Amino acid sequence: MSSEKSGKTMRIIAVCALVLAAVLLVLSLTGVFNPPAKYKDFNYFAMDTYVTFRLSEEGKNGRLSENYLKEVADKCAGILASVEYSISSHAEKGEVASLNSDVNVMVGASETLLAVLNTSERISKLTDGAFDYTLGPLTELWNVSGGGPKPSAKDISYAMSHTGTDKFRIGEKAIQKTDKIAKVDLGAIGKGYATQAVLEYLSTTDVSYAVVSLGGNIGIYGEKPDGKGYRIGLRDPSSPDAVMGYFEIRSGFVSVSGDYERFFEEDGVRYHHIIDPETGSPADNGLRSVAVLASNGPAADALSTALFVMGEEKAMEFYRSHVIDFEAVFVTSDGRVITTDRIDSSVFELSNHNYKLTEKTKD
Amino acid sequence: MVDKAIDSRPKKRFSRGDLLALAAVAAILAASVVFLLNGRKGNTCLITANGSSVSYSLSENRRIDLVSNGYSLTVEIKDGQVFVTESDCPDRVCVRTGKISKTGQEIICVPAQVVIEVTGGGSGEDFIIG
């Protein structure tokens, strides 16, 4: 009698334990036990693009008020505005407008402009000119954002004769031009620089973790309490409303350059905004987009353009030369996706299986 | 004494049926927890206008201006919710529907022929790049 009773009690306990275990399993799987990351998003239009600052509500010393976060976000936007003034070709009264005007020397350049030019110069050398910050005459000529039209070969070669890093000498305070017509275009590095500048500012605030998304550039600051990375969808070049795969990223910067971002079409041909310095025309080597992961914002941004210009083979050679530390994902026009050596399925996961992930070949 | 009285009640063994029932309870409980947690917020919303559909992540705040069937609508995605902030359609039902965020909820604008639907998914991204 009593053994039957205790047996029954045991069974009830066992079943209850089972139910409890099931519930606990479900709860832990859904991440209820990890403190969820809590953010406030702030959006602005700046640097010709839509900008999101996603700031943690959690501060280094407790919860942050909405007023404080708004203040921080406004300061972030202020940083973008000042970077824009220093390096944007579109800022009419900005520094680049002065530098690009008919002058031989620009004195009293801001620290920002000098820093970006110095970094540009370095990356230009390291990439053997695939990244070129002196393409101003060509980008003006092509006027891709303004819808073209396609310039004549004669105009292209004239513009090309006024490009090249030898046209500029960047000093400590002054910038010297050996060619008055030469013009810088920092569009391929500026947003990456700005993203990093915002993260640097955030590190001085009480914000614990944050993401800055700035037109093709994402920068991650701090660590989320749930220990997870951010899931970042990579746009599908063939249908830019859709995502073709996902990055899972915990830190650093991601930048993407693609031929679908800005372009115009003429006689059925697409002319995009990524100009190959060697041809003076939009890079045409079978790549549709390049995503770069790096620990440095301007480098990630500039490299996404440089690798796009290099094309698949040269880009992989460049990667293996270890001149700069980065990882990358390449999307080709024939539907292949190539990743660098340290990108595995935990970092990038293909979701559109019309694309084929190419097996890595190691040499 | 009391024990004895209880013990003397007629009782069945703990049958297979009981176990099944308990297992079912457990399953329902687990399923409802999953449903509660997942159903709370949809991950994406699908906006259909002019016959074409575009999916947006609800975790990415944005404003979408669209023109459909001759009317202009402004759709806003904010803090996991999607809603129509402005519309020049005659009945403005779409604006008055308010904010939706749960899987299956819809905002329908009949004059502009726009449907905004919160879809589940589970592959919701934090950001989209490129």
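Two strands pair if DSSP finds at least two bridges between them. Helices (H or I, at least four residues) and strands (E, at least two) are DSSP runs, numbered from the N terminus.

I am working with a predicted model, where local features need pLDDT of at least 70, side-chain atom pairs count only at pLDDT 80 or more, and totals for chains, interfaces and linings use all residues. Residues are numbered from 1 along each chain as its sequence is written, chains are lettered from A and ligands numbered from 1 in the order in which they are written, and side-chain values use heavy atoms, with hydrogens and water left out.

**Entry: strand β8(A).** With β9(A), residues 217-221, β8(A) pairs in the antiparallel sense over four bridges. A:V212 stands opposite A:G219 there. Two residues lie between the strands of this hairpin, and A:G215 takes a positive phi near 40°. I then found β2(A), residues 49-56, paired with β8(A) in the antiparallel sense over five bridges. A:F53 has A:V212 as its bridge partner in β8(A).

**Entry: α2(A) against α7(A).** I took the axes as lines fitted to C-alpha atoms, for helices over the stretch in contact, with angles running from 0 to 180 degrees between N-to-C directions. α2(A) is residues 66-87 and α7(A) is residues 190-202; they pack at an angle of about 145°, with axes 10 Å apart. I listed the contact residues (heavy atoms within 4.5 Å). On α2(A) they include A:V72, A:I79 and A:V83, and on α7(A) they include A:Y193, A:A197 and A:Y201. By class, the contact has 12 nonpolar, one polar and one charged residues. Here Ala, Val, Leu, Ile, Met, Phe, Trp, Tyr, Cys and Pro count as nonpolar, Asp, Glu, Lys and Arg as charged, and the others, Gly among them, as polar.

**Entry: α2(A) against α4(A).** I turned to α4(A), residues 111-126: its axis comes within 8 Å of that of α2(A), and the two cross at roughly 65°. That makes α2(A) roughly perpendicular to α4(A), a term for 65 to 115 degrees. A:V83, A:S86 and A:I87 in α2(A) meet A:T112, A:L113 and A:V116 in α4(A).

Note on methods:
Angles under 35 degrees count as roughly parallel, over 145 as roughly antiparallel, 65 to 115 as roughly perpendicular and the rest as oblique.
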